[in-house]
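Try each task yourself, then follow the solution step by step.

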Amino acid sequence: MSSKREFLKFSLAGAATFSASGLFTGALGKSHPSEITAHHTEKKTVNKPIVVSTWQHGIAANKAAWQVLTTDGKAIDAVEKGVRVPEADPEVRTVGYGGYPDREGKVTLDACIMDENQNCGSVAFLQHIKHPISVARLVMDKTPHVMLVGEGALKFAKEQGFKEENLLTKKSEQDWRQWLVKSKYEPVINIENHDTIGMLALDKHGDLSGACTTSGAAFKMHGRVGDSPIIGAGLYVDNEVGAATATGMGELMIKTVGCHLVVEMMRQGMSPTQACQAAVERIAKKLGDYKDFQVGFLALNKSGEYGSFCIQSGFDYAVTSNKTNQLFNAASLL
């Protein structure tokens, strides 16, 4: 653990001074200083390659993606390889194998992927397949569709050579059986309700891609699908501008098409942190009782600048580039 602590450097930078909606101006958190100073530079040096991802499990995921990016690989290949790491890790309880099941004790998976040309693929309510992100990639590459769901997604995966596996580990089954005692659906902020890894990458060629994969909200209703497999909600990439991914209560990202909103804010000239903040504030304003929810966005622009913003404190994200290899705390409303 000591070497791991030495490797991780947490950064929580100074107070943000910009608020797009004006709702929470002056009461907010922090943005990474590189994003602020970069806007005062007439000629920017593009920070590439770079990969960013949500949560601490993004550290191992970034490492795998970085191997692709530093060997002149494409961003789309990097993000797929990267998020496969937590998909296969039973200790990551909100992604793939070992993830919390639904209230019927079944692990159901959602994922999507998007490249620099707006090609995208998605799977939802997929069971028994350890790597839904790779199935989503094949939906993108080999079918005329964007999304396959349920039995159709499983059938397609098996046709492509994927093997059915039991994804419910003993630990997850124990947690589910314990939950059944009271059967109260009260996801714990930043634990049971972040449900995802989202990853964004900018490669040496200057192209952006993104991926998002999850086992969904713990003890959700059987059949529930969140934002993670929905292009524009849990992930969006526009190679002219930037990319964004989301974490938190997926229903709120779906209602606001949150990641598309973040990218459009960057198109209007906002930094990644400012764009994420504006999207979070819009959601918070509509919610009113936002203190009971978590919503967070992570964004990367065409210049390789990155940033994040969320409602609840405690959301962290991993950044790997030639300049840094760190875990940062996202700025927050609370």
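Predicted model: local features only at pLDDT ≥ 70, side-chain atom pairs only at ≥ 80, totals over all residues.

What covers the buried residues of α9? Residues are numbered from 1 along each chain as its sequence is written, and side-chain values use heavy atoms, with hydrogens and water left out.

**Exercise 1. Find the buried residues of α9 and the elements that cover them.**

Step 1: Pick out the element. Helices (H or I, at least four residues) and strands (E, at least two) are DSSP runs, numbered from the N terminus. Helix α9 covers residues 258-267.

Step 2: Sort its residues by burial. Buried means under 20% relative accessible area, exposed over 50%, and partly exposed in between, with a 1.4 Å probe and protein chains only. Seven of the ten residues of α9 are buried: G258, C259, L261, V262, V263, M265 and M266.

Step 3: Look for the cover. It includes β8, β9, α8 (250-256), α10 and β10.

Step 4: Follow the chain onward. Just after α9, G269 has a positive phi of about 110°.

**Exercise 2. Describe how α9 packs against α10.**

Step 1: Take the geometry. Axes are lines fitted to C-alpha atoms, for helices over the stretch in contact, and angles run from 0 to 180 degrees between N-to-C directions. The axes of α9 and α10 (residues 272-287) come within 8 Å and cross at roughly 130°.

Step 2: Classify the angle. Under 35 degrees is roughly parallel, over 145 roughly antiparallel, 65 to 115 roughly perpendicular, and the rest oblique. The two helices are therefore oblique to each other.

Step 3: List the contacts (heavy atoms within 4.5 Å). From α9, L261, V262, M265 and M266 meet P272, A275, C276, A278, A279 and R282 of α10.

Step 4: Sort these residues. Ala, Val, Leu, Ile, Met, Phe, Trp, Tyr, Cys and Pro count as nonpolar, Asp, Glu, Lys and Arg as charged, and the others, Gly among them, as polar. The α9 and α10 contact has nine nonpolar residues, no polar and one charged.

**Exercise 3. Work out the strand order of the open five-stranded sheet and find its edges.**

Step 1: Trace the pairs (two strands pair if DSSP finds at least two bridges between them). The order is β8-β9-β10-β11-β14, with mixed pairing.

Step 2: Find the edges. β8 (235-238) and β14 (331-332) each have a single partner strand, so one side of each is left without a neighbour in the sheet.

Step 3: Check one pair. β8 and β9 (residues 242-248) are antiparallel over four bridges, and Y236 has A244 in β9 as its bridge partner.

**Exercise 4. Is strand β2 enclosed or open?**

Step 1: Count the buried residues. In β2 (residues 50-54), five of the five are buried, so the strand is largely enclosed by the rest of the structure.

Step 2: Separate the faces. In a regular strand the side chains alternate between the two faces of the sheet. I50, V52 and T54 lie on one side of β2, V51 and S53 on the other, and all are buried.

Step 3: Identify the partners. β2 pairs antiparallel with β6 (residues 197-202) over four bridges and antiparallel with β12 (residues 316-321) over five bridges. V52 stands opposite L200 in β6, and its bridge partner in β12 is V319.

**Exercise 5. Describe the surroundings of Y317.**

Step 1: Y317 is in strand β12, and at 4% relative accessibility it counts as buried.

Step 2: List the contacts. Leaving aside neighbours within four places in sequence, Y317 touches residues including S53, T54 and W55, as well as L298, Y306 and F328.

Step 3: Compare chain and space. Y317 and F328 are eleven residues apart along the chain, and their C-alpha atoms are separated by 5.4 Å.
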